Amino acid sequence: MYTSNEKFMLKALKQAELAFSKGEAAVGAIIVKDGTILSRGHNRKEAKLDVTSHAEIEAIKKAAKKLGTWRLEGCDMYVTLEPCPMCAGAIIQSRIKTLYIGAMDNRAGAAGSVVDLFREPRFNHRVDVVIGLLHEQCTELLKKFFLELRKK
């Protein structure tokens, strides 16, 4: 039996699987408000030829459009891989309440692996961060993606 947080992370994993199926880095994100999914995103950097088309950015843009504001106060984000500095900045700027992370990124993570932008006291907004939600499933999908990438 899954908790509600785990169920939302499973939805983010579905987005990561979608990215993988399209040859994109296997990362997915969803944004939830009051128990309802507002938006979904997956990496689209290759398809859009846009370095900013990470799963988190895609989900933030869709949620902002749906709400009619860039302020995503009261919203939670579930992401399968620890955000990079660019995405961490966007999460902070968009006023996300809680960030749930599946796997950590020891090469580019900005939630504690390489740097921790979420604990920077000088920013005007604080995001609560929960690390390791469905860690094994998130890690396995990423391992599978990079194994396939190396084969090519």
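In the predicted model, helix α1 meets helix α5 through Met9, Leu13, Ala16, Glu17 and Phe20 on the α1 side and Gln137, Cys138, Leu141, Lys144, Phe145 and Glu148 on the α5 side. By class, this contact of α1 with α5 comprises seven nonpolar, one polar and three charged residues. The axes of α1 and α5 come within 11 Å and cross at roughly 5°. Angles under 35 degrees count as roughly parallel, and α1 is therefore roughly parallel to α5.

Four aromatic pairs are found in a search of the whole structure. In the pair of Phe20 and Phe145, the ring centres lie 5.7 Å apart and the planes stand at 85°, so the arrangement is edge-to-face. Because Phe20 belongs to helix α1 (residues 4-21) and Phe145 to helix α5 (residues 135-151), this pair ties together parts that are 125 residues apart in sequence. Phe20 and Phe145 are both buried, and both are among the residues through which α1 and α5 meet.

A stacked geometry is found for Tyr78 and Tyr100, with 4.5 Å from centre to centre and 5° between the planes. Tyr78 is located in strand β3 (residues 75-81) and Tyr100 in strand β4 (residues 98-103); the pair thus links distant parts of the chain, 22 residues apart. Tyr78 and Tyr100 are likewise both buried. Ring pairs join Tyr78 and Tyr100 with Phe8 into a cluster.

Key. Residues are numbered from 1 along each chain as its sequence is written. This is a predicted model: local features need pLDDT of at least 70, side-chain atom pairs count only at pLDDT 80 or more; totals for chains, interfaces and linings use all residues. Side-chain values use heavy atoms; hydrogens and water are left out. Rings of Phe, Tyr and Trp (its six-membered ring) pair if their centres lie within 6.5 Å; planes under 30 degrees apart count as stacked, over 60 as edge-to-face and the rest as tilted. Helices (H or I, at least four residues) and strands (E, at least two) are DSSP runs, numbered from the N terminus. Buried means under 20% relative accessible area, exposed over 50%, partly exposed in between (1.4 Å probe, protein chains only). Axes are lines fitted to C-alpha atoms, for helices over the stretch in contact, and angles run from 0 to 180 degrees between N-to-C directions. Angles under 35 degrees count as roughly parallel, over 145 as roughly antiparallel, 65 to 115 as roughly perpendicular and the rest as oblique. Contact means heavy atoms within 4.5 Å. Ala, Val, Leu, Ile, Met, Phe, Trp, Tyr, Cys and Pro count as nonpolar, Asp, Glu, Lys and Arg as charged, and the others, Gly among them, as polar.
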